[in-house]
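Biologist: Shall we go through this one together? I'd like to hear what stands behind each label you use.

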Amino acid sequence: MFRKSILIGILAALVVVSAGAMLVSSDGLASMIVKDSSLSAEQAGEKTSIGARTAVIPTPVWVIGSYDKEGRPNMMTSSWVGICSSKPPALMTCLRKATYTHGNIMDKKAFTVNIASESLARFAAFIGRVSGRDTEKFKETGLTPVKSTLVEAPYIREFPLVAECRVIDIVEVGSHTMFIGEIMDIKADPSILGTRDYPVLEKLKPFVFSPGASRFYSIGPSLGTISELAEKGDNK
Ligand SMILES: Cc1cc2nc3c(=O)[nH]c(=O)nc-3n(C[C@H](O)[C@H](O)[C@H](O)COP(=O)(O)O)c2cc1C
């Protein structure tokens, strides 16, 4: 009787093991892994959904130059920005209708993009907090407006890298209007240029914006060239 129950036990164990083996062979090892509900989402390697919002994405920091109807120069900080075409060379800045700059660009169909260095961060912050509607930002900051040679918009002398743009398209996206500007020329301080007239980031020292934290952050040292990184061979 005792021997019979041992035999039944062994047979039952074999059935369980072979069922497991079938799972492995049909579904792969993953189906054998039992989820440990005591692990946090981070420990389990999963992502946490934080909702459909934009303010969680790090962005560049540009300052947009424009003239108002009376020809007074204005500037505003814009981080909802990017490159959108190589041919023609074009970029975009997305502005709320409430900004003074929005009306200026609608009127003149031109703007400049001024890339700030770290040493200019305090200006980028101030310029993004007050409106040209009631403040003469050039006067307040002591920065110098320079009339662009190719478009009807001022650039900022103290900013080391500027783009002169003429509006080629305007897209109403929602809360923001996207102004697409064809880059008519780029002007750079010779001191930030390296070989083949490319700006050297260590000299330009641009910085990024974390909207959620409402902070600017420095960009660290180079991680390597694209070919160095791509050819390392450990791409898995
Ligand atoms: C870092 C930063 C980025 C900003 N980016 C944008 C942007 O992309 N679009 C926008 O409409 N406002 C943006 N703002 C807010 C405008 O710069 C702000 O409303 C400014 O006062 C508008 O100036 P203006 O009325 O003289 O045009 C940003 C502000 C900061 C500080």
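Predicted model: local features only at pLDDT ≥ 70, side-chain atom pairs only at ≥ 80, totals over all residues.

Biologist: Where in the chain is the place of P88?

Modeller: P88 sits in the loop between β4 (81-85) and β5. Residues are numbered from 1 along each chain as its sequence is written.

Biologist: Why is β6 called largely enclosed?

Modeller: A residue is buried if 20 or more other C-beta atoms lie within 10 Å of its own, exposed if 12 or fewer, and partly exposed in between, with C-beta atoms placed from the backbone. In β6 (110-115), 6 of the 6 residues are buried, so the strand is largely enclosed by the rest of the structure. For the chain, 23% of the 236 residues count as buried.

Biologist: Which residues point one way from β6, and which the other way?

Modeller: A110, T112 and N114 point one way, F111, V113 and I115 the other way, and all are buried. In a regular strand the side chains alternate between the two faces of the sheet.

Biologist: What makes β6 and β9 a pair, and over how many bridges?

Modeller: Two strands pair if DSSP finds at least two bridges between them. β6 and β9 have 6 bridges in the antiparallel sense, so they are called a pair. T112 stands opposite E164 in β9, and A110 has R166 of β9 as its bridge partner. β6 also pairs with β2, again antiparallel, over 4 bridges; there G65 has T112 as its partner in β6.

Biologist: What do β9 and β10 form?

Modeller: They form a hairpin, with 4 residues between them. The two strands run antiparallel and are joined by 11 bridges; in one of these, C165 is partnered by I183 in β10.

Biologist: Why do β1 and β12 count as edges of their sheet?

Modeller: Their sheet is an open one of 3 strands, in the order β1-β11-β12, with antiparallel pairing. β1 (59-60) and β12 (215-218) each have a single partner strand, so one side of each is left without a neighbour in the sheet. β1 pairs with β11 over 2 bridges, and P60 stands opposite V208 in β11.

Biologist: What makes a nonpolar core, and how many residues has the largest?

Modeller: A core is a set of buried Ala, Val, Leu, Ile, Met, Phe, Trp, Tyr and Cys residues joined through C-beta atoms within 7 Å. The largest has 33 residues, and V63, A116 and F159 have the most contacts inside it. Among the elements that give two or more residues to this core are β2 (62-67), β6, α3 (121-127) and β9 (161-172).

Biologist: Which residues does V63 touch?

Modeller: Contact requires C-beta atoms, placed from the backbone, within 7 Å. Leaving out residues up to four places away in sequence, V63 touches several, including M75, M76, N114, A116 and F159.

Biologist: How many residues surround the ligand, and what makes a residue near it?

Modeller: A residue is near if its C-beta atom, placed from the backbone, lies within 6 Å of the molecule. There are 21 such residues around the ligand, the closest being M76, T101, G128, S131 and G132. β3 gives the largest share of the shell, 4 residues.

Biologist: How many of the shell residues are nonpolar, polar and charged?

Modeller: The shell has 9 nonpolar, 9 polar and 3 charged residues. Here Ala, Val, Leu, Ile, Met, Phe, Trp, Tyr, Cys and Pro count as nonpolar, Asp, Glu, Lys and Arg as charged, and the others, Gly among them, as polar.

Biologist: One last point: does D197 count as buried or exposed?

Modeller: D197 has 9 C-beta neighbours inside 10 Å, so D197 counts as exposed. D197 has a positive phi of about 60 degrees although it is not a glycine, and its place is in the loop between β10 and α5 (201-204).

Technical notes. Contact = placed C-beta atoms within 7 Å.
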